[in-house]
Amino acid sequence: SKTAPNGSWHKLERGEVSLDAGWFQAFNRDLRDPKKWGDFWTLAMTKEGKEVGEIPPIPEVDGEWMFWDMMSTARAPDPWMWPAVQNLKASGRYIVAALSNTIIFPPDHPYGQPAKSSIRRSFDIFISSAHVGLRKPDPRIYELALQEVKKYAKEHAATKGKGLGWADGITPDDVVFLD
């Protein structure tokens, strides 16, 4: 995201473009862009504390295949986070919110259909980047999430939040962000 904050993937996650043949063409262009590749390589080597050296050739990547492979893998709940979310929700002591960089699948695609046991039902609040037009790491999406959590706390202070101090809302110091 540091090398292309307005690349095709970012636009998709902000809901600015549709997931269609045109998007895959743009995504493949991004993957083959020499400047973006060089920026990515330099950042990756720097992060690893390695010498950047000569930038290798751009790898041959089929963006459409890679995208669908990533999406199929992402369908399974994370084996560490999913039990944590379930336990936090089951405790009844917390507002459980999700803030996710997401995409909108075509309505006729199986991934665009709501799952019978939707993961989203495990959250009191679910903020989808593609639906709100913002994506992480934009500070505005975190501000939106905090506003939604505050609103939820105030609306549920007398019921779910009874005795938990939600009447005045939630402050940033009350939030734990798991990623």
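Contact, as the word is used in this report, means heavy atoms within 4.5 Å.

## Basis of the report

The structure is a predicted model, in which local features need pLDDT of at least 70 and side-chain atom pairs count only at pLDDT 80 or more, while totals for chains, interfaces and linings use all residues. Residues are numbered from 1 along each chain as its sequence is written, and side-chain values use heavy atoms, with hydrogens and water left out.

## Overall architecture

The protein contains seven helices and two strands. Helices (H or I, at least four residues) and strands (E, at least two) are DSSP runs, numbered from the N terminus. Along the sequence they follow the pattern α-α-α-α-α-β-β-α-α. The C-alpha trace spans about 60 × 40 × 30 Å along its principal axes.

Of the 179 residues, 30% are buried. Here buried means under 20% relative accessible area, exposed means over 50%, and partly exposed lies in between (1.4 Å probe, protein chains only). The protein exposes about 11,900 Å², and carbon and sulfur atoms supply 56% of this area. Accessible areas come from the Shrake-Rupley method with a 1.4 Å probe; for residues, only the protein chains shown count as cover. Among contacts between residues at least 6 apart in sequence, 64% join residues at least 24 apart.

Asn-28 lies in helix α2 and, at 18% relative accessibility, counts as buried. Leaving aside residues up to four places away in sequence, Asn-28 touches Val-61, Asp-62, Gly-63 and Glu-64. With one of these, Gly-63, there is also a polar approach: the backbone nitrogen of Gly-63 lies 2.8 Å from a polar atom of the Asn-28 side chain. The side chain of Asn-28 makes a polar contact with the side chain of Arg-32 as well, at 2.8 Å. A polar contact is a pair of N or O atoms within 3.5 Å; within protein, one must be able to donate a hydrogen and the other to accept it, and residues adjacent in sequence count only if both atoms are side-chain atoms. Met-71 is 43 residues from Asn-28 along the chain, and the C-alpha atoms of the two are separated by 16 Å.

Glu-13 belongs to helix α1 (residues 8-13). Its relative accessible area is 8%, so Glu-13 is buried. Not counting residues up to four places away in sequence, Glu-13 touches Asn-101, Thr-102, Ile-103, Ser-129, Ala-130, Leu-134 and Arg-135.

## Aromatic pairs

A pair of aromatic rings is described by the distance of the centres and the angle of the planes. Rings of Phe, Tyr and Trp (its six-membered ring) pair if their centres lie within 6.5 Å; planes under 30 degrees apart count as stacked, over 60 as edge-to-face and the rest as tilted. By this rule the count comes to 17 aromatic pairs. One of them is formed by Phe-24 and Phe-67, with 5.5 Å from centre to centre and 80° between the planes, an edge-to-face arrangement. This pair links distant parts of the chain, since Phe-24 in helix α2 (residues 21-31) and Phe-67 in helix α4 (residues 63-73) are 43 residues apart.

Phe-24 is buried at 7% relative accessibility, and Phe-67 is buried at 0%. Both rings take part in a cluster in which ring pairs link Trp-9, Trp-23, Phe-24, Phe-27, Phe-67, Trp-68, Phe-105 and Tyr-111.

## Salt bridges

Side chains of opposite charge can pair when their charged atoms come close. The structure holds eight salt bridges, each being a side-chain nitrogen of Lys or Arg within 4 Å of a carboxyl oxygen of Asp or Glu. Glu-16 and Arg-14 form one of them, with their closest N and O atoms 2.6 Å apart. Glu-16 is partly exposed at 47% relative accessible area, whereas Arg-14 is buried at 13%.

Lys-36, which is partly exposed at 23%, meets Asp-30 in a salt bridge of 2.8 Å, N to O. Asp-138 forms a salt bridge with Arg-140, the closest N and O atoms being 2.6 Å apart. Salt bridges that share partners join Lys-89, Asp-124 and Lys-160 into one network.

## A cis peptide bond

Lys-136 and Pro-137 are joined by a cis peptide bond, with omega about 15°. Pro-137 lies in the loop between α6 (129-132) and α7 (139-156).
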